[in-house]
Amino acid sequence: NASPNSSENKNQHITDEFTRLVKRAETEGNQWRIRSYKKAVKIISKLSFRIMSKEDVKGLKGIGKNMTLKIEEILRTGYSLKAHTIPEKFGPLEKFKNIYGVGEKIAEKFYTIGYRTLEDVKSKATLTRDQQLGIKYYDDFLQRIPRSECSKIAEFVTKMVHELDANLICRMMGSYLRGSETCGDVDFMITDPNGLPNEGLLESIVLKLKNVGFILENLSSPASEDGHERIWRGICKLAGVGIARRIDILIVPFDELGAATIYFTGNTEFNRCIRLLARKMGYSLNQHGLFRKGPNGEKTLVASKTEQEIFDILGVPWKPATERNI
Ligand code: DCP
Ligand code: MG
Ligand code: MN
């Protein structure tokens with residue numbers, strides 16, 4: 001039921017409140033709520049009619065009981081009470097979660113102990129090395145990286161990598177590849193078209209980048225779960241730029257390039273959707289490949305080399321990275 005003039009939102013008064021509820025869920029860190037409110041905003045803003053009562057949204061896909069109650073409240077009172085009341089703890093929790101290495105759980109723990117400010121955490125909490133660095137670079141990490149700086153970083157790191165081995169393929173992934181004007185971190189992928197990257201490659205690259213003063217610190221990196229893919233996390237700073245940045249360097253086996261590319265292109269929501277679709281079709285998809293699941297849970301590799309073959313099997317048209325911002 002898209003209206004002929006579909007750019008016009010007939011229910012702005014409702015979607016404005018729902019947008020506030022999205023923000024509230026974001027401060028809360030409630031992923032499920034964020035998604036359902038976002039979805040509701042999308043659905044309601046496209047309606048061709050103005051909602052006058054809860055009956056108008058009855059049976060609408062994506063608008064469940066809870067959403068209907070909210071709509072009813074907004075129709076009755078003009079606003080959603082919840083959207084306009086922010087619990088006291090949200091402020092401190094938000095501050096804590098902005099420390100690299102602090103997630104929802106630890107932030108809650110800090111709050112429960114009685115910490116309210118960064119000063120409290122700095123002076124009283126026992127912190128991991130990652131978290132200590134998170135405090136040290138707190139202000140830097142709050143600043144997003146302009147696209148132009150990402151391009152310079154890509155150029156610089158590519159040059160350094162090619163000095164070690166001119167055959168390696170280098171590519172910026174994540175939000176940069178999706179065309180974002182600013183990025184939260186740098187996601188740099190390296191693969192060796194001649195086969196498996198040698199064992200010490202990542203170490204040589206990191207060492208070289210440290211020696212030239214580009215890499216400042218390493219953070220703890222996830223253990224390589226299977227195969228040869230590895231992720232290295234750290235902190236870098238480009239000469240002439242006053243701000244330290246988060247960088248992830250990914251080493252990917254060439255024959256997993258397609259699956260790895262899907263994963264590191266994102267966004268996270270796009271990955272969630274395509275993985276769900278794969279599951280529904282009896283496959284499982286991760287950064288190593290698309291696998292067929294057998295009756296006893298055993299997995300057989302079906303495709304991993306190119307994005308195209310994975311998309312083909314799943315029956316989804318291939319989309320450029322810039323159209324994966326869902
Ligand atoms: N990724 C994922 N699920 C996660 C984390 C990451 O699927 N829980 C994938 C999708 C992301 C990519 O890895 O696009 C890179 O992760 P980042 O955290 O660097 O996210 P982005 O680069 O997309 O955004 P930002 O600009 O915040 O770095
Ligand atoms: Mg990123
Ligand atoms: Mn990243």
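This is a short tour of a predicted model of a protein chain with a ligand.

**Whole chain**

Start with the protein chain in cartoon view. It has 14 helices and 10 strands. Switch to the C-alpha trace and orient along the principal axes: the span is about 65 × 55 × 45 Å. Now colour by burial. Of the 326 residues in the chain, 28% are buried.

**Ligand 1**

Next, select ligand 1 and its shell. The shell holds 13 residues. Which of them are closest to the ligand? Pick Gly174, Ser175, Gly184, Gly266 and Asn271. Then show the elements that give two or more residues to this shell: helix 10 (174-177), helix 12 (257-265) and helix 13 (268-280). Colour the shell by residue class. Eight residues are polar, three are nonpolar and two are charged.

**Lys136**

Move to helix 7, residues 129-136, and select Lys136 there. Is Lys136 buried or partly exposed? Lys136 has 17 other C-beta atoms within 10 Å. A buried residue needs 20 or more, and an exposed one has 12 or fewer. Lys136 therefore counts as partly exposed.

**A distance to draw**

Technical notes
Residues numbered from 1 in each chain as written. Chains lettered and ligands numbered in written order. Predicted model: local features only at pLDDT ≥ 70, side-chain atom pairs only at ≥ 80, totals over all residues. Near = placed C-beta within 6 Å. Helix = DSSP H or I, 4+ residues; strand = E, 2+ residues; numbered from the N terminus. Nonpolar A, V, L, I, M, F, W, Y, C, P; charged D, E, K, R; others polar.
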